[in-house]
Amino acid sequence: MSLCGGSGPSAAPRLRPRAAQMARRPELLCGAAIVLGCAFLVALKVTCRVLSPRVQVLKEDEAREEIQRNHSSCRAKDVTMPAKLPVNFFSTTSPVIDLFRGQLDYADHLRQDAEVVLYFFYAPWCGQSIAAREEIEQVASRLSDQVLFVAVNCWWNQGKCRKQKHFFYFPVIHLYHRSFGPIEYKGPMSAVYIEKFVRRVMTPLLYISSRSKLLDFLSNYEPGVLGYFEFNASPQPPGYLTFFTSALHSLKKDYLGTIRFGVITDKRVAEEISLVRSGSVYLHRHVNSSLIYPNDIMNYTAENICKWALENREVLIRWLRPHGGKSLLLNNELKKGPALLIFLPYNPLAEIHPLLDEITKVALEYHNCNKSQAAEPDLQHLGDTDSPAFDSSVPDAHMELPETLSITKYPCCNTVVLPQWHSISRTHNVCELCINQTLGVKPNKVHVPHCNFLEIEAALDSFYLQEHTFFQVISNTIECSNFLSFYSPFSYYTACCRTVNRHFLSFISSEKTIFQTPKVAFSSHGKKGNTQHSIPHIEDRNCFIPDFNISGTNISGLSCRTNKTLNLYLLDSNLFWIYAERLGASRSAHLKEFAAIVDLKEEVHYVLDQNQSLVGSTLENFIKNFSALYSPLERHLVDEPWVRVPGQRVITEVTTNTFRHTVVLSEKNVLLLYYAQWCGFCASLNHVFIQLARLLPPDNFTVARIDVTRNDLPWEFMTDRLPTILFFPHQRKEQSVKFPEDFSINLPNLLKFILHHSSFSSSEPCTKECLQKEAVLQQGRISHLEREIQKLRSEIGALHQAQEQLEAQLSEARREEQKLQHQKHALEKQHKTLQLHSEQLQATHDRKNRELLEMAEKLQELADASENLLKENALLRILVASREGKLQSKDEIKESLQSEQTLSEDSAVSVSTAPATLEEKRIDNISTTETEHSSGNRTE
């Protein structure tokens with residue numbers, strides 16, 4: 001390559017003289033290269049200094065765009081980012097095998113070697129799964145030597161569990177008993193309940209080998225299915241595996257395990273319940289007749305046995321276990337009729353439950369409508385074995401009771417518990433009403449074998465219309481009277497009334513049939529006398545004798561003698577106490593025992609007095625009081641005890657407990673608003689009532705409101721529409737007035753409504769003094785309103801001033817906005833100018849870059865050429881040095897030859913001349929060859 005950039009063979013002849021010239025003075029070439037390099041650096045520095053501000057701005061914009069692009073790409077990556085690898089859900093020391101990668105195939109492999117396996121399917125993010133983890137570990141710590149516990153992560157998207165199982169909720173518990181399963185557990189996620197269910201799966205059958213064990217099994221309140229199999233001939237008699245599988249089927253269909261399965265292994269024990277053939281199945285029922293599985297009608301299969309037991313079982317009392325989420329369980333059960341909900345602490349693993357046994361006895365007596373049931377003889381002769389379990393669990397249904405008169409003896413008498421609104425209730429609260437059909441005026445002995453319900457209703461109507469006939473004197477004696485029927489001129493009625501203690505009222509309706517003819521006679525005006533005629537009345541009823549045993553007679557079969565039959569339910573207060581609190585249980589109760597009757601149809605519920613202990617006798621009285629025709633139970637009103645009442649509040653918040661004091665007994669006019677938290681229109685009226693409360697004088701008026709969804713009121717004060725406004729005038733609270741629904745609720749209409757109804761009614765006579773008081777009162781109200789109007793005017797003036805100030809501020813803000821708009825336009829113009837300038841600078845920058853690139857290429861060529869010249873210069877020096885050495889050696893050779901010639905002058909001229917000539921030629925050839933070799937190297 002030449003210095004001018006040429007190349008090829010033609011440049012070689014021109015390069016040689018220049019190279020020879022540079023070889024003589026190499027410092028010129030180095031100086032030229034240094035000068036060109038300095039010039040290049042100066043030009044580059046000046047160009048970069050001119051372009052640096054604009055380039056920096058452009059670089060910042062490019063960096064900002066790059067950040068935005070990276071941010072957008074990062075957001076897209078977050079959506080498609082793969083899930084993190086799962087980690088252990090259970091600890092490594094836990095007895096639960098944790099397959100946190102969802103290895104369902106490995107779980108199935110583990111199940112092949114175990115008899116009972118519990119699968120816990122979970123999701124790591126699920127709060128309920130996290131809460132149930134500790135409960136599963138507690139169960140596993142106690143049963144890990146008998147049951148294999150396996151936890152499977154069914155949320156990991158790459159696991160087989162997620163691909164094969166499609167669960168809609170977590171956690172899910174499945175149990176397998178060898179090849180049978182899965183049996184899903186749907187009960188509470190509590191360790192004791194889970195352990196109880198696992199133990200039922202482990203031993204689905206109870207083996208009964210003696211009479212005592214049979215009595216224990218039959219005395220339980222849960223339905224029982226017994227199978228008799230002879231194990232003498234074979235360890236697995238025919239039909240045993242089918243019966244065993246039917247027990248597992250019952251757990252699969254009924255996770256509560258309400259049906260207990262047992263196996264009788266002794267023939268003599270099986271004969272006690274009439275099982276004589278091996279493979280027979282017996283369903284025990286307490287109230288109705290027990291059944292034997294019909295082998296001749298139904299096939300002997302596990303599914304059929306389970307279905308037959310579930311369809312024919314007898315449920316006297318049921319457990320309710322709501323799972324806490326959205327469910328219609330309670331609603332569906334309450335729709336069936338009145339329900340007695342009993343909350344008690346329950347431990348499924350405990351061996352004895354004394355309180356549950358008492359409740360079971362009450363339930364059996366309540367539903368025991370017929371004493372001559374088929375199952376009673378079996379238990380009667382079994383009771384002769386002196387089994388303690390039988391004595392403690394089975395109610396003594398064969399105790400001889402005192403003979404009482406049947407209702408057919410006196411069919412036309414009825415016991416009446418007077419309601420509180422009746423005027424007689426101020427002196428007497430119970431009356432015995434009888435029909436007396438006679439042709440004369442004097443009453444005869446009540447003995448009418450033929451009468452019906454319509455006659456009793458007619459007697460009640462006439463009785464309520466004849467209030468003035470009875471004495472209005474408070475006493476403990478009997479007041480009797482005869483009165484004429486309004487429907488028949490030949491029918492007379494007799495009523496005997498007296499005051500009875502409140503706890504005796506529960507016995508009236510349940511023992512309507514038990515009365516005797518008293519020896520008390522009276523006249524038609526109710527005065528007592530000594531005549532031979534007598535009528536039955538309530539004083540001589542057996543149920544009011546303190547020594548009479550009513551525990552068995554009043555409650556026994558009551559469900560069949562009343563139209564208000566109760567469904568009995570049990571709830572574990574350790575899990576569901578929040579429902580008891582909603583029904584009225586105390587939050588500070590140490591012993592979580594509570595009972596309430598809920599009647600969804602009548603929209604009422606009654607609460608058992610919490611000061612009484614929850615035992616069988618109190619439950620019996622509670623049931624009997626509810627079953628009475630006129631129940632003495634008082635409707636429980638739900639109250640909101642946590643209402644926050646600030647120190648100064650314009651509107652008074654009313655609750656169930658404060659309603660009577662704030663509204664009914666208040667000496668002020670009260671305007672009451674009925675509202676609810678979910679009522680949006682009620683919330684929109686708050687400002688109207690706040691203004692109204694500020695306008696009305698607080699000494700005479702009270703503006704209040706009540707949340708009817710959290711507070712119950714007596715029926716006469718309830719409403720079915722929200723919002724509702726009631727006004728209770730002073731001293732005339734019974735004449736409360738409802739705000740018209742067709743009027744709009746605003747401040748003027750409310751003021752007119754209050755002022756109109758707060759004055760005395762025009763229908764009532766009013767004296768001059770009354771008029772004067774009313775005028776003074778109205779004048780005071782007018783003056784108060786004038787003061788309030790003056791305050792409002794001053795407030796309106798202040799509002800006008802504030803409005804003017806706001807308008808001035810708005811005008812100033814508009815001017816500022818215009819200035820900002822002008823500045824915005826100017827900045828936009830500058831921005832456009834800067835953009836043009838930036839484009840120009842960009843073009844200049846590109847042009848300078850191209851020039852710099854060209855200069856850099858030329859400098860690179862110069863640098864390459866200078867490097868080649870330096871190499872050639874070094875070679876030339878070496879060549880010159882070698883040439884000089886050769887020339888010197890040549891001179892020495894010549895000198896030696898000359899000396900030799902002088903020494904051999906005598907020799908022949910031809911002989912000495914020839915070798916000298918040859919030697920010179922040889923040296924010349926050698927020098928010529930070296931010169932050409934060095935020239936060739938330089939050329940390369």
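## Disulfides

C161 is buried, at 0% relative accessibility, and C154, the cysteine bonded to C161, is buried as well, with a relative accessible area of 2%. In this predicted model, the sulfur atoms of C154 and C161 lie 1.6 Å apart. They count as a disulfide because the cut-off is a sulfur pair within 2.5 Å.

How many disulfides does a search of the whole structure find? The search finds 2. Besides the link of C154 and C161, a disulfide joins C679 to C682, with an S to S distance of 2.3 Å. The link of C679 and C682 is right-handed, with 75° about the S-S bond, and both of these cysteines are buried. As a reminder, a disulfide is a covalent bond between the sulfur atoms of two cysteines.

Two further cysteines can be described in terms of burial. C126 is buried at 8% relative accessibility, and C306 is buried with a relative accessible area of 0%.

## Helix 3 and its surroundings

Which residues of helix 3 are buried? In this helix, residues 104-111, they are L104, A107 and L110. Seen down the helix axis, the buried residues fall within an arc of 110°, so they line one face of helix 3.

What do the buried residues of helix 3 pack against? Their partners are strand 1 (97-99), strand 2 (116-122), strand 3 (148-153) and helix 5 (160-164).

Strand 6 pairs with strand 8 (residues 260-264) in the parallel sense, over 4 bridges. Within this pairing, I208 has I264 of strand 8 as its bridge partner.

## Confidence

The protein chain averages a pLDDT of 75, and 67% of the residues score at least 70. Over residues 437-450 pLDDT stays under 50, and the model has 32 contacts beyond four places in sequence for them. Residues 468-476 also stay under 50, with 25 such contacts. Where pLDDT is low, the predicted coordinates should not be read in detail.

Methods
Residues are numbered from 1 along each chain as its sequence is written. This is a predicted model: local features need pLDDT of at least 70, side-chain atom pairs count only at pLDDT 80 or more; totals for chains, interfaces and linings use all residues. Side-chain values use heavy atoms; hydrogens and water are left out. Buried means under 20% relative accessible area, exposed over 50%, partly exposed in between (1.4 Å probe, protein chains only). Helices (H or I, at least four residues) and strands (E, at least two) are DSSP runs, numbered from the N terminus. The arc is that of the directions from the helix axis to the C-beta atoms. Contact means heavy atoms within 4.5 Å. pLDDT is the predictor's confidence in each residue, from 0 to 100. Two strands pair if DSSP finds at least two bridges between them.
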